[in-house]
Amino acid sequence: MRIRSAASALALVLSALFAPGFGVLGSATDAQAATKISHATATSMFRDVGITWSSSGGCSDRNNPTCTSFEQLNLATAQGAQTLKRATGCALNITGGTETGHASGTYSHWNGYKLDYGKNTCVTSYIKNTFTYIGLRGDGAPQYKSGSGNIYADEGSHWDVLYYNCGGC
């Protein structure tokens, strides 16, 4: 009886450790259930570290493509923005969040995995000098990968950042 209990406990621990996206063998690209946050929570988190945001429409309606919304943003994405701000010390302005109008897909803006940042010399230098160049994305955007696995794509006028995790928060 004691051996069976120990074997069951070991099997449970091993399944937790090696489950995709959770344990030590989970990769940055494993889809995980993400904790979603509200626009108000995200803006509070951004304000706390000095991140600004703007929209061409001056609004935050998730269903309006001219707005910048953080409704249904993944907590890890917001934390990733905080990590980037703290690591760079650069001015960081978010120009795109979870609003409609971006490309679709599992790891999309709409699903809370991506943020767009306005470009400036400080942020661009940090990304290019700290992260690893991994080649061009399908649309031709140069991509850089952080040590934690997040992907930074230079889309010309802005950085499109895919957060698989919080970047070491």
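**Helix α3 and its surroundings**

Helix α3, residues 75-88, comprises 14 residues and spans 20 Å from its first C-alpha to its last, close to the 20 Å expected at 1.5 Å a residue; the expected span is 1.5 Å times one less than the number of residues. The model is a predicted one, in which local features need pLDDT of at least 70 and side-chain atom pairs pLDDT 80 or more, while totals for chains, interfaces and linings use all residues. Residues are numbered from 1 along each chain as its sequence is written, and side-chain values use heavy atoms, with hydrogens and water left out. Helices (H or I, at least four residues) and strands (E, at least two) are DSSP runs numbered from the N terminus.

Just after α3, Gly-89 takes a positive phi of about 70°. Gln-72, in the loop between β2 (52-53) and β3 (73-74), also has a positive phi, near 70°, although this residue is not glycine. Gln-72 is partly exposed, with a relative accessible area of 33%.

In the protein as a whole there are four helices and nine strands, running α-β-α-β-β-α-β-β-α-β-β-β-β from the N terminus. Of its 169 residues, 40% count as buried.

How values were computed
Buried means under 20% relative accessible area, exposed over 50%, partly exposed in between (1.4 Å probe, protein chains only).
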